[in-house]
Amino acid sequence: MSKKLLLRLVALVAAVMCSLGASAQEAYACHSWQYMTLTFYYDNLRSTRTGTTFDLNTGPYLPAWLGKVIYHVEFDPSFANARPTTTYGWFFDLGDLISITGMEYLNTSEVTDMTAMFANCTFLSSLDVSQFNTSKVTNMNSMFGACWELTELDLSSFNTSKVTDMTGMFGGNSKMTTIYVGKGWSTAAVTNSTGMFIGCPSLEGGQGTVWNEASPDDKTFAHIDGGMSNPGYFTAKNSALYGDVNGDGSVDINDVTDLIIYLLSLRSQISD
C-alpha cells in the first residue's frame with residue numbers, strides 16, 4: 001500500500017469515527033449524591049459519569065431528577081451545543097437549591113415552555129437569566145413564583161412577543177424589589193396573567209410606583225414604570241437615557257407631561 005493511499009485511509013477512518021462520535025452525543029443531566037449537584041452535559045460520555053443520569057424532559061412533563069436533594073446546579077460548557085425545546089419545571093420545588101452556575105451555556109433559542117422553571121426555589125438568592133433567548137416561548141406560568149430570597153431579576157434580554165400565559169409569574173416573591181426589562185418585553189399576546197404579582201409587597205417600578213394590593217393583579221402593571229401617567233412595576237434597563245424622565249426607555253411627549261406634573265407638584269409643596 002502506498003504512503004499516499006495509507007494517509008487517505010487514515011483520514012477516512014478519522015472522519016468516520018468523528019461522525020460516529022458526533023451522532024452519539026446527547027443532552028442529559030447527572031446527579032451526584034456525593035456533592036448534591038445536578039450537572040447538565042451534551043456529549044457521548046454519559047456511561048462514564050459517576051452518579052445517576054437522566055434524560056431531559058419533553059413536553060409538559062416534570063423532569064425525573066426532581067425529588068433528589070440538590071444544592072447546586074451546573075451547566076457544563078459542552079451543554080452550549082444542546083438545544084432543549086422545553087425547560088418545564090426544571091428546578092421546580094428544589095427547596096435546597098443554593099446556586100446555579102454556567103447559565104451562559106444554556107441555549108434557550110428553541111425553548112417554547114418555561115412553566116415553573118424556577119418555581120419554589122425558596123433558598124435561591126440570585127439568578128442570572130440575562131442571556132436567555134425567549135423568542136419562541138409561549139408559556140411562562142409561575143416561572144419565578146415563590147422564589148422567596150430573590151431581590152431582583154434582569155429580564156432585559158427577554159422577548160415575550162409570543163408569550164400567552166404569565167399566570168403567577170412572580171407571585172409570592174416577598175423580597176423582590178426590582179425587575180429589569182428591555183425593549184423586547186411585551187404582554188400583547190398574553191391572555192392569562194392572574195396572580196402575576198400576588199404577594200410582592202417590596203416591588204417598585206423605576207419611577208417609584210410601588211406594589212399595591214388593591215391594584216389589578218395581572219398584566220396591567222407588567223410594563224416599564226412610566227410614573228404617574230403610566231404606572232408600572234418594572235424598571236427600564238436603559239433608564240439612564242438622557243431626557244427619559246419617566247424611565248420607560250424612550251424620550252417622547254410623556255416625558256414632558258411627567259416633568260410638568262412633577263414641577264407643579266414641587267411648586268405646590270413649596271407654596272404649602
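**Note on a predicted model: salt bridges, core and surface**

1. Arg49 and Asp43 are joined by a salt bridge between their side chains, at 2.7 Å from N to O. A salt bridge here is a side-chain nitrogen of Lys or Arg within 4 Å of a carboxyl oxygen of Asp or Glu. Arg49 is partly exposed, with a relative accessible area of 25%, whereas Asp43 is buried at 9%. Buried means under 20% relative accessible area, exposed means over 50%, and partly exposed lies in between (1.4 Å probe, protein chains only).

2. Some background on the model. This is a predicted model, in which local features need pLDDT of at least 70 and side-chain atom pairs count only at pLDDT 80 or more, while totals for chains, interfaces and linings use all residues. Residues are numbered from 1 along each chain as its sequence is written, and side-chain values use heavy atoms, with hydrogens and water left out.

3. The protein chain has two helices and eight strands. Helices (H or I, at least four residues) and strands (E, at least two) are DSSP runs, numbered from the N terminus. Read from the N terminus, the order of elements is α-β-β-β-β-β-β-β-β-α. Of the 272 residues in the protein chain, 41% are buried.

4. How many salt bridges does a search of the whole structure find? The search finds six. In one of them, Arg46 pairs with Asp55, and the closest N and O atoms are 2.6 Å apart. Arg46 is buried, with a relative accessible area of 18%. Glu26, Arg46 and Asp55 are linked in a network of salt bridges. As a general point, side chains of opposite charge can pair when their charged atoms come close.

5. Glu149 and Lys175 also form a salt bridge, with the closest N and O atoms 3.0 Å apart. Glu149 is in the loop between β5 and β6 and Lys175 is in the loop between β6 and β7, so this pair ties together parts that are 26 residues apart in sequence. Both residues are partly exposed: Glu149 at 30% relative accessibility and Lys175 at 39%.

6. The largest nonpolar core has 56 residues, and those with the most contacts inside it are Phe40, Phe91, Phe118, Phe144 and Phe170. Such a core is a set of buried Ala, Val, Leu, Ile, Met, Phe, Trp, Tyr and Cys residues joined through side-chain atoms within 4.5 Å. At least two residues of this core come from each of β2 (37-43), β4 (72-75), β6 (152-155) and β7 (178-181). In soluble globular proteins, nonpolar side chains tend to be buried together.

7. Which residues does Phe91 contact, leaving aside neighbours within four places in sequence? Among them are Phe40, Leu66, Val73, Phe75, Leu97, Ile100, Met117, Phe118 and Cys121. Contact means heavy atoms within 4.5 Å. Among contacts in the protein chain between residues at least 6 apart in sequence, 67% join residues at least 24 apart.

8. Met117 is in the loop between β5 (99-101) and β6, and is buried at a relative accessible area of 0%. Leaving aside neighbours within four places in sequence, Met117 has contacts that include Trp90, Phe92, Leu106, Phe132 and Met143.

9. Val111 is another residue in the loop between β5 and β6, and Val111 counts as buried at 0% relative accessibility. With residues up to four places away in sequence not counted, Val111 touches Pro84, Thr85, Thr86, Thr87, Lys136 and Val137.

10. The structure has zero disulfides. A disulfide is a pair of cysteine sulfur atoms within 2.5 Å. The closest cysteine sulfur to that of Cys121 is in Cys147, at 5.3 Å, which is too far for a bond. Cys121 is buried, with a relative accessible area of 0%, and Cys200 is buried at 1%.

11. Ile260 sits in helix α2 (residues 253-271) and is partly exposed, with a relative accessible area of 47%.
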